[in-house]
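This briefing sets out computed features of one protein model, grouped by topic. Please read it alongside the sequence and the coordinates shown here.

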Amino acid sequence: MRTEQLEYIAAVTRLGSLRRAAEELRLSQPALSETVRNLERELGVDLLERKRTGATMSAAGRELLPKIVDVLDAVDRLRAAAGERHRISRMVRVGTVNAATVPLLLPVVREFRASHPLTQVEVVGAQQTDIHRALAEGGFDLGLVNHLDGDDMPADFESTELLSGLPVVCVHPDSPLAARPTVTADDLLTEPLIGMRSGYVMHRYVHRLLHGRGPAFAYSTDGAEMGKLMVAEGLGVTVLPDFSVIGDPLERLGAITYRPIADDTARVLLMLRRRRAESVPQAAGDLYEAFVRRARELGGTQP
């Protein structure tokens, strides 16, 4: 068994495709496939389930994945202790629902890169269900997801509350709603509504707020960032957690603003999640702690 075999299987798991893993590793796909199969024969288990849509960890592979990660992390520590500077850098993958991107995520990545110059950070926007699945399968190291206060916490993950905020209506400064101190559910029905697609926590929140009613015209989009851009262009209004709007470059430039929702006490939590494991790769653990420190600076977090 060779270390690169374990690195290859980790890359296939992370990217969900033999082809994409081969491109990243700069190998031919047949060579990568044969290397993985050699490892499977040596271990006596099928680590991957190969489908037309890609390769994912098998049940046996998921059981062995924490051990594979442990070995790779130990090799990284050994190389670092030996002072090796030209090794292949490891990657930390973060799945995010695009909330609090500017005040939280970007400063954390900047701080992490300064202290871990050889470790790549890949940030992937995805829906919450996709983030949870990738965390369980080892495709993501960390996940940033929104959570409505009062909902059950998934037992499969270690969860840390980073930020707690109120849902607000994000509006263009010239919108009639911007002239009001608060916005009611009925007010939302008077403007084109830019809603998150089904699968996002804010989609469920707005559906509950409006009791299933809908405005005369509505848009549907993926993620807060596109929603804010559409508001800045005057296409309508959207509902987001306040921590996703406050401090955003568009808000600082005056292209968007926000108003509280009248008579609503719901709270949205930004949660940092990772798979429960006996040990965590050093780089992923350091990035996790960087998120917690930054959230405390922003006035959030529960230790």
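The cover over the buried residues of helix α9 includes β7 (167–171), β8 (193–196), β9 (218–221), β10 (237–241) and α10 (249–252). The model is predicted. It comprises 303 residues, of which 49% count as buried, and its secondary structure consists of 11 helices and 12 strands.

**Helix α9**

- Helix α9 spans residues 224–232, and its buried residues are A224, G227, K228, M230, V231 and A232.
- Just after α9, G234 adopts a positive phi of about 80°.

**Overall dimensions and surface**

- Along the principal axes, the C-alpha atoms of the protein fill a box of roughly 65 × 40 × 35 Å.
- When contacts between residues at least 6 apart in sequence are considered, 74% join residues at least 24 apart.

**Nonpolar cores**

- The largest nonpolar core has 55 residues, and the members that touch the most others are L162, L188, Y205 and F291.
- Helix α11 (residues 282–297) gives the most to this core, contributing eight residues.
- Leaving aside residues up to four places away in sequence, F291 touches V94, L104, L105, V108, L142, L144, L162 and L272.

**Helix α3**

- Helix α3 (residues 29–43) contains 15 residues and reaches 21 Å from its first C-alpha to its last, close to the 21 Å expected at 1.5 Å a residue.
- The buried residues in α3 are L32, S33, T35, V36, L39 and E40.
- Because these residues cover an arc of only 160° around the axis, they lie on the same side of α3.
- On the other side of α3, P30 and R41 are exposed.
- Among the elements covering the buried residues of α3 are α1 (3–15), α2 (18–25) and β1 (48–51).
- G44 follows α3 and has a positive phi, near 80°.

**Strand β6 and L163**

- L163 belongs to strand β6, which runs over residues 157–165.
- With a relative accessibility of 7%, L163 falls under the 20% cut-off and therefore counts as buried.
- L163 and S175 are separated by 12 residues in sequence, while their C-alpha atoms lie 28 Å apart in space.

**Positive phi at residues other than glycine**

- H211 is not a glycine, yet its phi is positive, at about 55°.
- The position of H211 is in the loop between α8 (201–209) and β9.
- The relative accessibility of H211 is 68%, which is over the 50% cut-off, so H211 counts as exposed.
- D263 likewise is not a glycine and has a positive phi of about 55°.
- The loop between β11 (257–260) and β12 (268–275) contains D263.
- D263 has a relative accessibility of 85% and therefore counts as exposed, the cut-off being over 50%.

Methods. Residues numbered from 1 in each chain as written. Predicted model: local features only at pLDDT ≥ 70, side-chain atom pairs only at ≥ 80, totals over all residues. Heavy atoms only, no water. Core = buried A, V, L, I, M, F, W, Y, C linked by side-chain atoms within 4.5 Å. Buried < 20%, exposed > 50% of the residue type's maximum accessible area, 1.4 Å probe, protein only. Helix = DSSP H or I, 4+ residues; strand = E, 2+ residues; numbered from the N terminus. Contact = heavy atoms within 4.5 Å. Expected span 1.5 Å × (residues − 1). Arc of directions from axis to C-beta.
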